[in-house]
Amino acid sequence: MQEELNQFERNDVWELVPCPPSQTIIGTKWVFRNKLDDQEDGIDYDETFAPVARLEAIRILLAYSCFKNFKLYQMDVKSAFLNGFIQEEVYKLKKVLYGLKQAPRAWYDRLSSFLLQNGFTRGKVDTTLFVFEKGQDCLLVQIYVDDIIFGATNESLCKKFSKLMQGEFEMSMMGELNFFLGLQIKQCQEGIYISQSKYTKELLKKFGIEEERTVSTPMATNVKIDKDEKGKSVDESKYRGMIGSLLYLTASRPDILHAVCLCARFQSNPKKSHMSAVKRIFRYLKDTIQYGLFYPKNEKFSLKGYSDSDYAGNIDDRKSTSGSCQFLGDCLVSWFSKKQNCVSLSTAEAEYISAAFCCTQLLWMKQTLVHVRTKFQLADLFTKALGVPAFSLLLSRLGVRDLHTPT
């Protein structure tokens, strides 16, 4: 707490003036309970949105570092929000405080402006990605609020960036990237290993699954889950807590994604059968705690996508489920499982909807990688599955006129 008070003075957060009779004083204090008097939109703030890096963007950066064979490092900004300049009149603040809704946006504006002024370019698709180019070398910086991941094809650029940031902000240099957003990241000579084994052990202990017997699959293949309206209800709060915990675990465990998303559909009124299905996922995790993703170092860096669907797989509403995954070389960087919004009238329609989802993600990835001078062609990705005319029609519906250059 004393360190936080010192940050107020060092960052010149406010100026002390006599209180005018027409102004209301806004107090600030450390709160160790839930606050009731929230700020009001349009009065205390106008805009609060701040870009946050997607997990796919983090994994793309990890895969790219394997491809270019460079190390990734991490730094943290001390009291980051105190560095942001406030736009609204909150008398008589010059910079934002923790607790203000506009604090994340103000910090992002301050940091991005500083990087742009120092020769960085910001991604048009992923606005949390900043790139600095010098000759044939480039420095990549990924922002997640006050956590910064960076790496460069030339080690000297990393040292210059560290010095630049420390000259402007108070930074904590954390060395090589090894733990980020709950992901355990091990950078070794052969590649990068990503896991959440520590988080998995904590979940098993939290929900009392440590003594349960293990199973070899996250979900039985011969069982269809439905609403089970005649079933016995279970604790809704506990069920939602288990689902939320598992959804975060899918950041490095694509093998449980479909099972978790299927169980997540019944959070409003979970039954005993749904709880049994969720516990089975935990029992599977108990036997596969060390499972994770491995990104090997090699010269392959082609952009590939795969999609599939189960026609009318949902028993309750006959909707299909789309599934897809995207690779950069041999690195699995993105995946999803989602129930389709409409009822497909044929297996072909269900497949086309799934392929469209996959193409959308591939286009986003392609545009992101174009920013780091990596070019791809999408023309051959789905032609075998859909046929050339059908694929061309699909891309035209997505707004892509030229298959070989980004739009």
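**Close-up views of a predicted model**

**View 1. Buried residues of helix α8.** In α8, the buried residues (under 20% relative accessible area, with a 1.4 Å probe and protein chains only) are His 274, Met 275, Ala 277, Val 278, Ile 281, Phe 282, Arg 283, Tyr 284 and Leu 285. The model is predicted: local features need pLDDT of at least 70 and side-chain atom pairs count only at pLDDT 80 or more, while totals for chains, interfaces and linings use all residues. Residues are numbered from 1 along each chain as its sequence is written, and side-chain values use heavy atoms, with hydrogens and water left out. Helix α8 comprises 16 residues, 272–287, and spans 23 Å from its first C-alpha to its last. This is close to the expected 22 Å, taken as 1.5 Å times one less than the number of residues. Helices (H or I, at least four residues) and strands (E, at least two) are DSSP runs, numbered from the N terminus. The buried residues of α8 pack against α5 (197–206), α6 (236–249) and α7 (257–264), where contact means heavy atoms within 4.5 Å.

**View 2. The salt bridge between Glu 170 and Arg 10.** A salt bridge places a side-chain nitrogen of Lys or Arg within 4 Å of a carboxyl oxygen of Asp or Glu; by this rule the count comes to eight. The side chains of Glu 170 and Arg 10 form one at 2.7 Å, N to O. Because Glu 170 lies in the loop between α4 (155–168) and β6 (171–176) and Arg 10 in helix α1, the pair ties together parts that are 160 residues apart in sequence. Glu 3, Arg 10 and Glu 170 are linked in a network of salt bridges.

**View 3. The salt bridge between Lys 71 and Glu 176.** The two side chains of Lys 71 and Glu 176 meet at 3.5 Å, N to O. The pair links distant parts of the chain, 105 residues apart: Lys 71 is in the loop between α2 (55–68) and β1 (72–77), and Glu 176 is in strand β6. Lys 71 is partly exposed at 28% relative accessibility, as is Glu 176 at 36%.

**View 4. The salt bridge between Asp 255 and Arg 253.** These side chains, of Asp 255 and Arg 253, meet at 2.9 Å, N to O. Arg 253 is buried at 2% relative accessibility, whereas Asp 255 is partly exposed at 32%.

Conventions. Buried < 20%, exposed > 50% of the residue type's maximum accessible area, 1.4 Å probe, protein only.
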